[in-house]
Amino acid sequence: MALGGNPVFANNKNFKETPAGYRGPVNGGADTMSAQAQFSAQQLQDLYNKPAAGPAQTGRMTYDDVIMKTVFTLTLVLVGAAIGWMVPALMWPGMIVGLVLGLVNSFKKEPSPVLILAYALFEGMFLGGLSGMLEGMYPGIVVQAVLGTLSVFLVTLVLFRNAKVRATPKMTRFFIIALAGYALFSVINFFLMIFNVTNSPWGVRSMDIPGTNIPFGVVLGLLAIGLAAFSLIVDFTSIEQGVQRGLPTKYSWTAAFGLTVTLVWLYVEILRLLAILRGND
């Protein structure tokens with residue numbers, strides 16, 4: 001692949017400039033031939049038998065990098081969740097700080113492991129506080145939400161690995177439009193709740209669809225879970241392309257951050273859907 005085909009490498013001066021002190025071969029390459037002549041036959045044979053350097057040795061992103069960093073990031077989410085569960089008052093600070101750090105990490109050109117891990121910790125506090133509150137109202141709901149999140153993740157991963165689902169340009173455009181519409185609704189619904197326009201615990205989501213006993217939140221929740229599942233497909237596709245293109249290993253933090261954000265979103269949507277269903281019983 002041409003170097004300029006990858007914007008990360010194309011915009012990196014280390015891949016465009018000639019290393020300092022390098023003058024290239026001189027005397028028609030005679031110096032190079034002289035240096036090669038100084039190697040013994042055994043040394044040349046050892047060099048020939050030496051295995052080629054893999055991605056880890058050349059500083060390129062690998063699937064193992066992404067897996068390890070994602071596990072580390074999710075572990076911090078769990079640590080934060082345990083803290084938020086024990087101290088429910090940290091739910092709101094966790095939500096605000098987590099949102100700010102999420103936006104900062106999303107717009108940074110270069111990944112910052114410290115900020116990504118800080119996001120995981122504070123987002124975990126929010127999840128822990130929210131989960132503890134709903135668990136008190138609906139016992140067993142957290143276990144159900146965790147199992148639901150893991151199930152959607154594993155099914156999505158299996159479908160992606162077997163090439164059953166792919167983030168095609170057409171599907172991605174539809175996903176972006178649907179996601180923008182859902183985000184707009186969520187913001188409007190949030191302000192309706194803040195200003196007490198609706199007294200329902202989940203805002204418009206708790207209201208029944210006219211002529212039925214089905215809350216709007218059930219249909220919207222299923223839509224959101226579908227969007228989150230496709231977001232995982234987009235994440236898997238981006239990681240696959242990043243590994244194939246040989247991105248620097250530091251971008252495995254970006255991949256871990258993206259997966260963590262999607263999994264957090266998926267968990268919240270499943271938790272909210274379950275709460276609406278159980279509250280409607």
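Buried means under 20% relative accessible area, exposed means over 50%, and partly exposed lies in between (1.4 Å probe, protein chains only). Keep that scale at hand for the tour.

The model is predicted, so local features need pLDDT of at least 70 and side-chain atom pairs count only at pLDDT 80 or more, while totals for chains, interfaces and linings use all residues. Residues are numbered from 1 along each chain as its sequence is written, and side-chain values use heavy atoms, with hydrogens and water left out.

**Stop 1: aromatic pairs**

Start by selecting F195, which is exposed at a relative accessible area of 59%. Together F191 and F195 make a stacked aromatic pair, 6.2 Å centre to centre with 15 degrees between the planes. Rings of Phe, Tyr and Trp (its six-membered ring) pair if their centres lie within 6.5 Å; planes under 30 degrees apart count as stacked, over 60 as edge-to-face and the rest as tilted.

The whole structure holds six aromatic pairs. For another one, select Y119 and F257: their ring centres are 5.3 Å apart and their planes stand at 80 degrees, so this pair is edge-to-face. It links distant parts of the chain, with Y119 in helix α6 (residues 113–137) and F257 in helix α10 (residues 251–279), 138 residues apart. Helices here are DSSP runs (H or I, at least four residues), numbered from the N terminus. Both Y119 and F257 are buried.

**Stop 2: a cluster and a charge**

Now select F153, F160 and F236, which form one aromatic cluster. Then show R166, which lies over the face of F160 at 4.1 Å from the ring centre. A charge sits over a ring if NZ of Lys or CZ of Arg is within 6 Å of the ring centre and within 35 degrees of the ring normal.

**Stop 3: L117 on α6**

Go back to helix α6 and pick L117. Is L117 buried or exposed? At 16% relative accessibility, L117 counts as buried. Beyond its neighbours within four places in sequence, L117 is in contact (heavy atoms within 4.5 Å) with F72, T73, L76 and W253.

**Stop 4: the core**

Finish with the largest nonpolar core, which has 52 residues. Such a core is a set of buried Ala, Val, Leu, Ile, Met, Phe, Trp, Tyr and Cys residues joined through side-chain atoms within 4.5 Å. Select L127, L134, I141, L266, I270 and L271, which touch the most other members. Which helix gives the most to this core? That is α10, with 17 residues.

Conventions:
Helix = DSSP H or I, 4+ residues; strand = E, 2+ residues; numbered from the N terminus.
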